[in-house]
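Dear colleague,

Please find the structure below, handed over for your own work. My findings follow it.

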Amino acid sequence: MNGEHIDNTLNHLFRQESGKMVAVLIKIFGTENIELAEDVVQDALVRALETWKFKGIPDNPRAWLYRTAKNRAIDIVRRNKHSRLIDFSDPQKQLLTSSYTLETTMNDYWKEDHIKDDFLGMMYACCHPDISQENQITFILKSLCGFSTKEVAKSFLTSEDTISKRLYRTKEYFRKNKIRPIIPLPNQIASRTGTVLSAIYLMFNEGYNSTHVDQLIRKDLIRQAMLLCRSLLSEKRTQLPEVFALMALMCFHAARADSRLSDHGELILLSNQDRTKWNTALIQSGEQYLNNAAYGETLTNYHLEAAIAFQHCKAKSYLETDWQEILKYYDALLNIAYDPIVFLNRCLVILELDGPKDALNILELVKGNKLLEKYYVYHATLGEIYERLEEYVKAVSCFKRAMELTQSKKEKQFLKDKIAKVPG
Amino acid sequence: MKEFLLLIRGGHDDTGKRSPEEMQKHMEHWQQWMGNLAQQNLLVGGQPLMNEGKTLIERGEKVIDRPLAEGKELVGGYLLIRSNSLEEATNISKDCPGFEYGCTVEVREISPM
């Protein structure tokens, strides 16, 4: 059997399924035994790797993995029936302690609809509002997306040590507060889902925006964020308009992800992107999701950001972009909540619609804003405006300031090229 | 609340005649019945027993290599439940899935401490 083929199959399966297996096992062993759950899944993976090398990949590798994990769970339950490791006091778990009911009860835990519920339940548990967003995403990547500690560290550009500490803190929180992985009740679902969506979107952006992370991890982050969002959409109770909206938004962004970098890894601006490279299938599903997002009265940032992204996807060329329409969405966004970054993006629309003079006047309004002063895009935008106003000295100094503020090599290079092209 | 021991006897003979589907159905009945008791906090515990065993007789001086009772009399498993009265415990026992295999159930109150 081809070893590389097995690795690929397993890798893919693992990313897709490990989180679900971990979620079911946490349901069985309790949130105080997260490590045990992770170990069982890891163990199933190792066994698959060893067995498949000799016997080849089974017809249904997913079922094989699940069965292996389930049998291991039965072993552990049998062995710990009288130890205090697992709390069997809940009525369903009590049935795990009798041979009359152990296997049937265990099978019940691994039924498809229960797997789905537990996975979603874990997502809500990970995104408990008391846990910092950083820790939320770290935990999701590790436990629900099958990332190794090393891979999580790479995604955050930090050390494995830091990641281990974050994971430890989250597990402690679960243990101390007896957090149970369940889908929230209807009266809490909207606010709790909001937290889950922020985590998913942050994870997506980590993959989409960051130019520092290696290519494979970036794609993985994008794929996993979309997978998590799609699993929310697979359940009636969590099919909220804002979930559809975020899904649409991520589709529109992901459709254009590949055209944002040149073959040499340089950044390409929207105006110069090869639109034939955009993924039309993803744009179409995005449009579907956006339609689904439109029911009810809910209008969230995700709706408006998706609407903006859709306008860009729809335009046949940069020149044909409907800036007027886009401006309306930005106004609506600022209406929901003032955000200097959104204000800056709106200013870019003004630049297209009314030219550099008006854009500069509008930017005057946020001059000295602390957040923007440190944000390289603000200075790059100012540079762009000055360049168009033919104030080249000012333009160059703005681009230089932007260069100082970004960590990304690609963005630094991009700005360097811009400076080189400024006349004078 | 009092505690009762349900002694489940017999029923091992025709296991081999059942199809896997029938066996599975049967195990699901156990889960439903015991699950119900657990939900109402009436289940203390319970296990099926292996057929093999030894019996000590004559003040423990003689050991026979099998359980004392055989066939229909052989104890195949037990359940410990909580109930208000012997009548109630008996009623509960009427739904024991063991009957599907020709078992008998003996209901005995645990002597109060």
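Against which helices of chain A do the buried residues of α20(A) pack? They pack against α19 (376–388) and α21 (409–421) of chain A. Please bear in mind throughout that this is a predicted model.

Helix α20 of chain A

This helix covers residues 392–405 of chain A. Its 14 residues, at 1.5 Å a residue, should span 20 Å, and the end C-alpha atoms are 20 Å apart, so expectation and model agree.

The buried residues of α20(A) are A:A395, A:C398, A:F399, A:A402 and A:M403. They lie on the same side of the helix, because the arc they cover around the axis is only 145 degrees. On the face of α20(A) turned away from the buried side are the exposed residues A:V393 and A:E404.

Chain A as a whole

Chain A has 21 helices and zero strands. Its C-alpha trace spans about 85 × 50 × 40 Å along the principal axes. Of the 424 residues in chain A, 37% are buried. When contacts in chain A between residues at least 6 apart in sequence are considered, 64% of them join residues at least 24 apart.

The nonpolar core

The largest nonpolar core contains 124 residues, and among these A:L25 and A:A248 touch the most other members. Helix α12 of chain A (residues 241–257) gives the most to this core, namely twelve residues. Leaving aside residues up to four places away in sequence, A:L25 touches A:A37, A:V40, A:V41, A:A69 and A:A73.

The contact between chains A and B

Eleven residues of chain A are in contact with 13 residues of chain B. On the chain B side, α1 (20–39) and β2 (43–48) each supply at least two of the residues that touch chain A. The largest share comes from α1(B), with eight residues. By class, this side of chain B comprises six nonpolar, six polar and one charged residues.

Yours sincerely

Key:
Residues are numbered from 1 along each chain as its sequence is written. Chains are lettered from A and ligands numbered from 1 in the order in which they are written. This is a predicted model: local features need pLDDT of at least 70, side-chain atom pairs count only at pLDDT 80 or more; totals for chains, interfaces and linings use all residues. A nonpolar core is a set of buried Ala, Val, Leu, Ile, Met, Phe, Trp, Tyr and Cys residues joined through C-beta atoms within 7 Å. A residue is buried if 20 or more other C-beta atoms lie within 10 Å of its own, exposed if 12 or fewer, and partly exposed in between; C-beta atoms are placed from the backbone. Helices (H or I, at least four residues) and strands (E, at least two) are DSSP runs, numbered from the N terminus. Two residues are in contact if their C-beta atoms, placed from the backbone, lie within 7 Å. Ala, Val, Leu, Ile, Met, Phe, Trp, Tyr, Cys and Pro count as nonpolar, Asp, Glu, Lys and Arg as charged, and the others, Gly among them, as polar. The expected span of a helix is 1.5 Å times one less than its number of residues. The arc is that of the directions from the helix axis to the C-beta atoms.
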